[in-house]
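Please read the following note with the sequence and the model side by side. The points are numbered so that each can be checked in turn.

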Amino acid sequence: MPMEKEFPKIPKALYWYKTAAKNGNVNAMKELGSIYAEGDLGVQKDIQEAKRCNDIARKAEQKK
């Protein structure tokens, strides 16, 4: 079964994680870090981007 039929909402999930992260949602930023680290949801594995997302999330948590 093609991935699109099995998981039709994956591109939307990625969109909403990115939108939430841009709006300051720390949990979404952490999740994006994980997604990039693992290469999930159809994105290419990108350790640099994963580190960037996790660093931003960590800094945001320290401000609380």
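Predicted model: local features only at pLDDT ≥ 70, side-chain atom pairs only at ≥ 80, totals over all residues.

1. Alanine 57 counts as buried because its relative accessibility is 1%; buried means under 20% relative accessible area, exposed over 50%, and partly exposed in between (1.4 Å probe, protein chains only). Alanine 57 lies in helix H4, where helices (H or I, at least four residues) and strands (E, at least two) are DSSP runs, numbered from the N terminus. Alanine 57 touches Val26, Met29 and Lys30, not counting residues up to four places away in sequence; contact means heavy atoms within 4.5 Å. Between alanine 57 and glutamate 31, the C-alpha to C-alpha distance is 9.7 Å, although 26 residues separate them in sequence.

2. Residues are numbered from 1 along each chain as its sequence is written, and side-chain values use heavy atoms, with hydrogens and water left out.

3. The overall composition comes next. The protein has 4 helices and 0 strands, and its elements run α-α-α-α from the N terminus on. Of its 64 residues, 22% count as buried. Among contacts with a separation of 6 or more, 31% are between residues 24 or more positions apart.

4. Which residues does methionine 29 contact, leaving aside its neighbours within four places in sequence? They are Ala21, Cys53, Ile56 and Ala57. Methionine 29 lies in helix H3, which covers residues 26–38. Its relative accessibility is 11%, and methionine 29 therefore counts as buried. Lysine 18 is 11 residues from methionine 29 in sequence, and their C-alpha atoms are 7.5 Å apart.

5. The packing of H3 on H4 can now be described. H3 and helix H4 (residues 47–63) pack at an angle of about 160°, and their axes are 7 Å apart. Axes are lines fitted to C-alpha atoms, for helices over the stretch in contact, and angles run from 0 to 180 degrees between N-to-C directions. H3 is therefore roughly antiparallel to H4, since angles under 35 degrees count as roughly parallel, over 145 as roughly antiparallel, 65 to 115 as roughly perpendicular and the rest as oblique. H3 passes H4 in a left-handed crossing; a crossing is left-handed if the near helix is turned anticlockwise from the far one by less than a right angle, and right-handed if clockwise.

6. On the H3 side, the residues that meet H4 are Val26, Met29, Lys30, Leu32, Gly33, Tyr36 and Ala37, and their partners in H4 include Cys53, Ile56 and Ala57. By class, this contact of H3 with H4 has 11 nonpolar, 2 polar and 3 charged residues. Here Ala, Val, Leu, Ile, Met, Phe, Trp, Tyr, Cys and Pro count as nonpolar, Asp, Glu, Lys and Arg as charged, and the others, Gly among them, as polar.

7. H2 also packs against H3. Their angle is about 135° and their axes are 8 Å apart, which means that H2 is oblique to H3. The crossing of H2 and H3 is left-handed. Leu14, Tyr17, Lys18, Ala20 and Ala21 of H2 make the contact with Ala28, Met29, Glu31, Leu32, Ile35 and Tyr36 of H3. By class, the contact of H2 with H3 has 9 nonpolar, no polar and 2 charged residues.

8. The largest nonpolar core has 12 residues in all, among them Leu14, Ala21, Met29, Tyr36, Cys53 and Ala57. A nonpolar core is a set of buried Ala, Val, Leu, Ile, Met, Phe, Trp, Tyr and Cys residues joined through side-chain atoms within 4.5 Å. Helix H2 (10–22), H3 and H4 each supply at least two residues of this core, and H3 gives the most, with 6 residues.

9. Two further residues deserve attention. Leucine 41 is found in the loop between H3 and H4, and its phi is near 55°, a positive value in a residue other than glycine. Leucine 41 counts as partly exposed because its relative accessibility is 23%. Lysine 59, by contrast, lies in helix H4 and is exposed, with a relative accessible area of 56%.
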